[in-house]
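My entries are kept in the order in which I checked things.

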Amino acid sequence: MPTDHVRLWLTVALALVLAIATVSYYSRPSSDSVGVQSPGELLFLSKGCTGCHSIQGLATTGQIGPDLTSVGEVAGERVQGLSAEEYLSQSLATPQAFIVPGFEATTAGSMPDFDLTDGEVRALVDFLLEER
Ligand code: HEC
């Protein structure tokens, strides 16, 4: 019967359309594919850092702590004798060890100790070192 043929072809055509739609959906460039998010960036966004800190180019509006857009550049000059990496690790593991000039009076907003694991500190430091 001709109608059976029509139905078969319609089914095949529909399956094809669905297959093409699925493939193009999953291969589309996603809006945040500019760089795949690193573990450190994900931690930065999920740990509440953005409530106090801003980084240009990230969806962040925090104003209480210093802007971290160029922290990878300044970190090496904050404390004499500490490399950028050492300084950043310290500022995450023991935030009160060094207070960024200009933020001494920020009692209400002073940086909390997040009890981060060594792995979390390392991931965050790697991420922050790239911010320059
Ligand atoms: C409640 C507000 C608050 C939160 C939340 C917070 N910070 Fe801070 N942060 C501060 C303040 C205030 C300072 C400056 C005072 C100081 O040096 O401790 C600071 C300083 C820093 C510095 C040193 C910056 C520099 O220019 O030397 C780094 C790095 C940093 N924070 C990273 C983080 C990360 C990563 C998180 C999330 C795990 C975070 N902060 C969460 C308030 C906050």
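The entries below go from the chain as a whole to the metal site and then to the surroundings of the ligand.

**Ground rules.** I noted that this is a predicted model, in which local features need pLDDT of at least 70 and side-chain atom pairs count only at pLDDT 80 or more, whereas totals for chains, interfaces and linings use all residues. Residues are numbered from 1 along each chain as its sequence is written, and side-chain values use heavy atoms, with hydrogens and water left out.

**Chain.** I found five helices and zero strands in the protein chain, where helices (H or I, at least four residues) and strands (E, at least two) are DSSP runs numbered from the N terminus. Of its 132 residues, 27% count as buried, a term that stands for under 20% relative accessible area, with exposed meaning over 50% and partly exposed in between (1.4 Å probe, protein chains only).

**Iron.** I then looked up which residues coordinate the iron atom of the ligand, and they are His53 through NE2 and Met111 through SD, at 1.9 to 2.0 Å. Donors here are N, O and S atoms within 2.8 Å of the metal (3.2 Å for Na, K and Ca), and because water is not among the atoms, sites may look incomplete. The six donor atoms make angles of 89 to 178 degrees, and the site is octahedral; for six donors this requires opposite ones to be over 155 degrees apart and all others between 65 and 115. Histidine 53 lies in the loop between helix 2 (39-46) and helix 3 (71-78), and methionine 111 in the loop between helix 4 (84-93) and helix 5 (118-129), so the pair ties together parts that are 58 residues apart in sequence. I also checked their accessibility: histidine 53 counts as buried at 10%, while methionine 111, at 26%, counts as partly exposed.

**Ligand shell.** I recorded 25 residues around the ligand, the closest being Cys49, Cys52, His53, Tyr87 and Met111; a residue belongs here if one of its heavy atoms lies within 4 Å. Helix 4 gives the most to this shell, with four residues.

**Ligand oxygens.** An N or O atom in the side chain of tyrosine 87 is 2.4 Å from an oxygen atom of the ligand. Polar backbone atoms also come up, that of proline 95 at 3.3 Å from a ligand oxygen and that of phenylalanine 98 at 3.2 Å; the cut-off for a polar contact is a pair of N or O atoms within 3.5 Å. Phenylalanine 98 lies in the loop between helix 4 and helix 5 and, at 23% relative accessibility, counts as partly exposed.

Methods:
Tetrahedral: all angles 85-135°; square planar, octahedral: opposite > 155°, others 65-115°. Polar contact = N/O pair within 3.5 Å; in protein donor to acceptor, adjacent residues only side chain to side chain.
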